[in-house]
Amino acid sequence: MSENRNGILIIQTGGTIDKRYPRTHLGYAFEIEGPAVQRIISRAKVPYSVEFVTACRKDSQYINQEERQRILESCKQSIHKKILITHGTDTMTETGAFLTEHHLDKTVVLTGAFLPEAFKDSDADFNVGFAIGALQVLDKHGVFIVMNGQINESNKITRNEENFFLLINNSLY
């Protein structure tokens with residue numbers, strides 16, 4: 001297989017970014033829909049080829065090792081050297097650590113959102129756009145978490161409920 005240097009593989013796992021809250025007869029309940037990132041990419045008019053894959057559609061609290069293995073296999077099997085994974089924030093660091101252990105010869109960026117893409121004040125568009133930009137400028141392989149305007153190696157941060165991530169080291173950029 002030939003290597004696609006300009007294209008991006010985007011893997012959906014679910015999480016808040018993909019949530020919708022349809023009205024039910026008892027109020028509202030969330031559903032995880034198709035990749036919100038597809039809507040974001042179409043609005044942003046990204047100039048590279050983009051391939052979309054769904055590994056799972058779950059709240060990240062419920063992602064297990066089987067799904068992480070599916071994410072890993074999608075990364076390994078892809079011809080793309082640049083991969084964006086949309087993921088729920090609750091276990092993003094765990095998935096990042098799992099992928100880091102496997103030493104992929106690719107640049108992998110995980111991002112997500114605190115509010116669903118469907119919400120007016122969501123951070124989804126900014127985070128996805130920044131993550132795509134990060135894929136274009138990162139000059140080394142590895143697994144990175146890109147959120148809130150920061151690029152961090154996935155093994156150098158931990159989650160913090162108040163401000164999403166507590167940085168162990170300063171962000172790379």
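Visitor: Where does His-103 lie?
Guide: His-103 lies in the loop between helix 3 (92–101) and strand 8 (107–111). Helices (H or I, at least four residues) and strands (E, at least two) are DSSP runs, numbered from the N terminus. This is a predicted model, in which local features need pLDDT of at least 70, side-chain atom pairs count only at pLDDT 80 or more, and totals for chains, interfaces and linings use all residues. Residues are numbered from 1 along each chain as its sequence is written, and side-chain values use heavy atoms, with hydrogens and water left out.

Visitor: Is His-103 buried or exposed?
Guide: His-103 counts as exposed, at 69% relative accessibility. Buried means under 20% relative accessible area, exposed over 50%, and partly exposed in between (1.4 Å probe, protein chains only).

Visitor: And what is its phi value near?
Guide: Phi of His-103 is near 45 degrees, which is a positive value in a residue other than glycine. Asn-148 also has a positive phi, near 55 degrees. Asn-148 is found in the loop between strand 9 (142–147) and strand 10, and it is partly exposed, with a relative accessible area of 37%.

Visitor: Now the wider view. How many helices and strands are there in the chain?
Guide: The chain has 4 helices and 12 strands. Of its 173 residues, 48% are buried.

Visitor: What share of the contacts join residues at least 24 apart?
Guide: Among contacts (heavy atoms within 4.5 Å) between residues at least 6 apart in sequence, the share is 63%.

Visitor: Let us turn to charges. How many salt bridges does a search of the whole structure find?
Guide: The search finds 9 salt bridges. A salt bridge is a side-chain nitrogen of Lys or Arg within 4 Å of a carboxyl oxygen of Asp or Glu. Side chains of opposite charge can pair when their charged atoms come close.

Visitor: With which residue does Arg-39 form a salt bridge?
Guide: Arg-39 pairs with Glu-117, and their closest N and O atoms are 2.8 Å apart. This pair links distant parts of the chain, 78 residues apart: Arg-39 is in helix 1 (residues 36–44), while Glu-117 is in the loop between strand 8 and helix 4 (124–137). Arg-39 is partly exposed, at 26%, whereas Glu-117 is buried, at 10% relative accessibility.

Visitor: Which residues are linked with them in a network of salt bridges?
Guide: The network links Arg-39 and Glu-117 with Arg-43 and Asp-125.

Visitor: What about Asp-105, which residue is its salt-bridge partner?
Guide: The partner is Lys-81, with the closest N and O atoms 3.5 Å apart. Asp-105 lies in the loop between helix 3 and strand 8 and Lys-81 in the loop between helix 2 and strand 7 (82–86), so the pair ties together parts that are 24 residues apart in sequence.

Visitor: One last topic. Where does Asp-59 lie, and what does its side chain contact?
Guide: Asp-59 lies in the loop between strand 6 (50–58) and helix 2 (65–77). Its side chain makes a polar contact with the side chain of Lys-19 (3.0 Å). A polar contact is a pair of N or O atoms within 3.5 Å; within protein, one must be able to donate a hydrogen and the other to accept it, and residues adjacent in sequence count only if both atoms are side-chain atoms. Asp-59 counts as buried, at 10% relative accessibility.
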